[in-house]
Amino acid sequence: MNRVYVKTYGCQMNERDSEAVSSKLRARGYSIVDDEKNADVVLLNTCSVRDQAEQKAIGKAGYLAARKKKTPNFVFGVMGCMAQNHGEDLLDRLPDLDLIVGTQKFHRIPDHLDNIVSTITGLGPSPQTIIDLGDEEDSQNEIREHTPDQLKVSAFVSIMQGCNMNCAFCIVPKTRGEERYRPIEQIVAEVEELVSSGTREVTLLGQIVNAYGRGQIPFFKGKSPFVQLLEAIHEVKSLKRIRFTSPHPVGYGKDLVNAYRELPKLCEYAHLPVQSGSNRILKAMNRPYTKEKFLRIVDSLRESVPDIYLSTDIIVGFPGETETDYEQTKDLFEEVGFEMAFIFKYSIRTGTKAADLADQIPRETKETRNQELLRILEKSSLRRNESLLGSSQQVLVEGPARKGKGQYIGRTRGFRKVIFPGNKRMVGQLLDVKIEEATVTILHGLPTLTKSTLEANSSTV
Ligand code: 5AD
């Protein structure tokens, strides 16, 4: 009764939560398996940001319910955003669920599973669904354990939970609650520990990551709490790269823009979720900027860091989005020329402001707009990748590529995937790779042992 499989839907924050839960379960004597067929317990860590994500998890849970019918000792649970969003109502569709755990209660899962297991093995009272959904003070500090026995060249570090914005389309404030920040020292200690076990790159995570510490940690010498945190992490010896996600465009103040130049470990990559290029729609979305302000943020980043990589999120088909609104989004999208983008079709989320708006956009219109933006994205991604042909790019080697014998994979500072012939000694190293082939999503190249490679790896700063 102690083999657990955790399936994760959705964002990097969810991946990180699953990892921390798995780690806590291991410490409690459970083993984490990577094939659900071998599991006695399956936990679904869910996403609510679009209906499709919820439907996927519900479909999967239905399949697990059928398994439980045949094998009554089998245990299954739903945790994370969908659990928080629907709570007990999930039982209407899934009456046999053993566990429903919200986003502030992940750390309680080992206790809950112990209870369920002792019940099932006849040591406790008759089985009943455990539902644990409340707010819990300091729960943001519970997402800290990693898996020390597996080398992770690149690791996620959760620095905060929740989001205080009030975007009309978004369910996250409901599922993740109010912003709660971890103390800088604790985050730095976690990064140090990771680095001592071989990690060379960290990605700081939060639902609105560059709002870290606002209202709680004072500005210092004109620097926001987030930039103070970046500076503190930058000091960690042997850490080579810092990234962060998911930020808000208005959080790219002067201090953060300057940080790209002042902190060499901070990779030249900025995610700027614009959502729409129409001021009318931005207002209806309750986004606190105009298209003009957004473009000024882009300019300030490009002025400061000319070769920066930019990515974005866009929602097409927000209620009331006319052809003219959409054209404005398209123009902005083409004008900026993002290297990466996530383009979403608006999905009604009950309980959000936009759910009650009239003038929902037909599915086919959303689909057409989505496809058109994807075609534009392909072109701009390819253009940037092709511009790298013949150049030497610094790659952090993550491990063997999935395909191809002797092929290894890593990322450039701009987060582009590179595949090259390698060996296991290269894992965790910064390598210069000469780019020989470029597609929309992948670069291929050959490592070159240059002076800068040797220096980058030998320096301990
Ligand atoms: N419908 C479609 N996309 C959404 N997102 C958030 N809520 C919705 C919704 N209701 C997108 C936004 C956000 C990303 C994480 O998901 O673009 O930035």
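This is a predicted model: local features need pLDDT of at least 70, side-chain atom pairs count only at pLDDT 80 or more; totals for chains, interfaces and linings use all residues.
Q: Why is H8 called roughly parallel to H9?
A: Helix H8 (residues 225-234) and helix H9 (residues 254-262) pack at an angle of about 20 degrees, and their axes lie 9 Å apart. That makes H8 roughly parallel to H9. Angles under 35 degrees count as roughly parallel, over 145 as roughly antiparallel, 65 to 115 as roughly perpendicular and the rest as oblique. Axes are lines fitted to C-alpha atoms, for helices over the stretch in contact, and angles run from 0 to 180 degrees between N-to-C directions. Helices (H or I, at least four residues) and strands (E, at least two) are DSSP runs, numbered from the N terminus.

Q: What is the hand of the crossing where H8 passes H9?
A: The crossing is left-handed. That term applies if the near helix is turned anticlockwise from the far one by less than a right angle; clockwise gives right-handed.

Q: Which residues make the contact of H8 with H9?
A: Phe226, Val227 and Leu230 in H8 meet Asp255, Leu256 and Ala259 in H9. By class, this contact has five nonpolar, no polar and one charged residues. Contact means heavy atoms within 4.5 Å. Ala, Val, Leu, Ile, Met, Phe, Trp, Tyr, Cys and Pro count as nonpolar, Asp, Glu, Lys and Arg as charged, and the others, Gly among them, as polar.

Q: Why are H9 and H11 called roughly parallel?
A: The axes of H9 and helix H11 (residues 291-304) cross at roughly 20 degrees and come within 9 Å. H9 and H11 are therefore roughly parallel to each other. Their crossing is right-handed. Val257, Tyr260 and Arg261 in H9 meet Ser300, Leu301 and Ser304 in H11. That contact divides into three nonpolar, two polar and one charged.

Q: What makes H12 and H13 roughly parallel?
A: Helix H12 (residues 323-336) packs on helix H13 (residues 363-386) at about 15 degrees, with axes 10 Å apart. The two are therefore roughly parallel to each other. H12 passes H13 in a right-handed crossing.

Q: How is the chain divided into domains?
A: There is domain 1 (3-132), domain 2 (151-267), domain 3 (301-387) and domain 4 (392-458). The bounds come from an automatic or database domain assignment. The centres of domain 1 and domain 2, taken over C-alpha atoms, are 29 Å apart. Their contact takes 15 residues from domain 1 and 18 residues from domain 2.

Q: What area is buried between domain 1 and domain 2?
A: About 1300 Å², with carbon and sulfur atoms giving 54%. Buried area is the accessible area (1.4 Å probe) that two parts lose on being put together, summed over both. Met13, Arg16 and Asn85 supply 39% of the area that domain 1 buries against domain 2, more than any other three residues.

Q: Is the peptide bond from Thr245 to Ser246 cis or trans?
A: The bond is cis, with omega near 5 degrees. Ser246 sits in the loop between strand S11 (241-245) and H9.

How values were computed:
Residues are numbered from 1 along each chain as its sequence is written. Side-chain values use heavy atoms; hydrogens and water are left out.
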